[in-house]
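Here's a quick briefing to read alongside the structure.

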Amino acid sequence: MTRIIAVHGVLPPRRYAQQEITRAVAATCRLPRDDRRLLERVHASAGVNSRHLIVPLEDCARMEGFGARNDAYLRGALDLGYEAVKGALDRAGVAPDEVDLVVSSSVTGIAAPSMEARLAAGLGLRPDVKRLPLFGLGCAGGAAGLARLHDYLIGHPDHTAVLLSVELCSLTLQQADASLQNLVAGALFGDGAAAVVAVGARRAAGGHAGTTAGEGPEVVAARSHLFPGTENLLGWTIRDTGFHIMLGADLPDLVRRHLGDTVQRFLADHDVKTEDVTAWVCHPGGPKVLDAVRDALGLPARALESSWRSLAAVGNLSSASVLHILRDTLDGHPPPGSPGLLLAMGPGFAVELVLLRW
């Protein structure tokens, strides 16, 4: 089995209370009085207390056009990405030249060469390191990236792989867009990055510097599921000014109707029931989505507590959020040998599931 041996999350140093962001967005978007009241209600009900932003709040209004935003993305993503991968490797006790594969996930900017290629030399990765950049998976990218690490390590049990997620969601806010979708996005999303180090079964059994074979959860299995006819529910519309959020109001209802069966079938294939799961590592899409997940799976209120805490503390970090929650869950030391489920949803509309064994 694939074993996760380290998870490291990082945030930009600038932290703002939700009320500060609300005032700045209202001023930047130059909203009429009625729209401003709507924005204030949306921000107040988002379940977010504070967020970290890659650029100063006052500079957000000065960035016009996709080029300026993407330049800021490249500068910030490289800094956070380096810190995330280095921190994860240090925690794992793994040297950079031991890494055989790097998977990177981001949906808030465009980089070619991709992010992991730009970071490789500075981190000390080998010139022959394999790379797999992922784009378009949105909030599901962290879970899907972990699943792809697992796929690779099944076939390469002596290898070490790294997953990097970097998301600078604040750079996608559209100042001239007063749509409800843009207001909701402006209330929820923050900036952050995370990295995971995982090893194949033989590498885990043999031990490695700084770690022991018993540390970290095993990845038992992974599954992806697309819901046909839902392509317009979530994602980006690309325009001259950059990424414009596509966010369907009936998304929580879709989750309530279909997530339960999808998760239960996956668990049943591995002789696990929902009541057996001791830790739910769930992407915090927002209050309505978290409530829908809880309803769909029949979970007790405390089951998604880590997701609610993360949403309140840092907002929705897109693909990086579920990895921050995974780190927090590991720090809580779930019962050894018990199953855990990591899940995230994203454009497609799709759900990504990763079954863990603590």
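Let's start with a pair of strands: E6 (residues 160-168) and E7 (residues 191-199) run antiparallel and are joined by nine bridges. Within that pair, Thr160 has Val199 of E7 as its bridge partner. Keep in mind that this is a predicted model, where local features need pLDDT of at least 70, side-chain atom pairs count only at pLDDT 80 or more, and totals for chains, interfaces and linings use all residues. Residues are numbered from 1 along each chain as its sequence is written, and side-chain values use heavy atoms, with hydrogens and water left out.

**A few terms**

- Helices (H or I, at least four residues) and strands (E, at least two) are DSSP runs, numbered from the N terminus.
- Two strands pair if DSSP finds at least two bridges between them.

**The sheet**

- Nine strands form an open sheet with mixed pairing, in the order E5-E4-E6-E7-E1-E8-E13-E12-E11.
- At the edges sit strand E5 (130-134) and strand E11 (279-282), each pairing on one side only.
- From one strand to the next, the twist averages 20° (angles run from 0 to 180 degrees between N-to-C directions, and axes are lines fitted to C-alpha atoms, for helices over the stretch in contact).
- Helix H6 (residues 141-155) packs on the sheet, and its direction makes about 165° with that of E6.

- E1 and E8 run antiparallel, joined by two bridges, and Thr2 stands opposite Val219 in E8.
- E8 and E13 run antiparallel as well, with eight bridges between them; here Val219 stands opposite Leu356 in E13.
- Strand E9 (residues 234-239) and strand E10 (residues 242-247) are antiparallel and share six bridges. A hairpin through two residues joins E9 to E10, and Ile238 stands opposite Phe243 in E10.

**A helix pair**

- Helix H10 (residues 287-297) packs against helix H11 (residues 305-314) at an angle of about 180°, with the axes 11 Å apart.
- H10 and H11 are therefore roughly antiparallel to each other (that label is for angles over 145 degrees; under 35 is roughly parallel, 65 to 115 roughly perpendicular and the rest oblique).
- Which residues make the contact? They are Pro287, Leu290 and Asp291 of H10, plus Ser307, Trp308 and Leu311 of H11.

**Two domains**

- Across the boundary, 56 residues of domain 1 are in contact with 43 residues of domain 2.
- About 3,800 Å² is buried between domain 1 and domain 2, with carbon and sulfur atoms giving 66% of it (buried area is the accessible area, with a 1.4 Å probe, that two parts lose on being put together, summed over both).

- The peptide bond from Ala112 to Pro113 is cis, with omega near 10°, and Pro113 is in the loop between E4 and helix H5 (115-123).
- Gly348 to Phe349 is a cis peptide bond with omega near -20°; Phe349 lies in the loop between E12 and E13.
- Asp271, in the loop between H9 and E11, has a positive phi near 55° despite being a residue other than glycine.

Conventions: Contact = heavy atoms within 4.5 Å.
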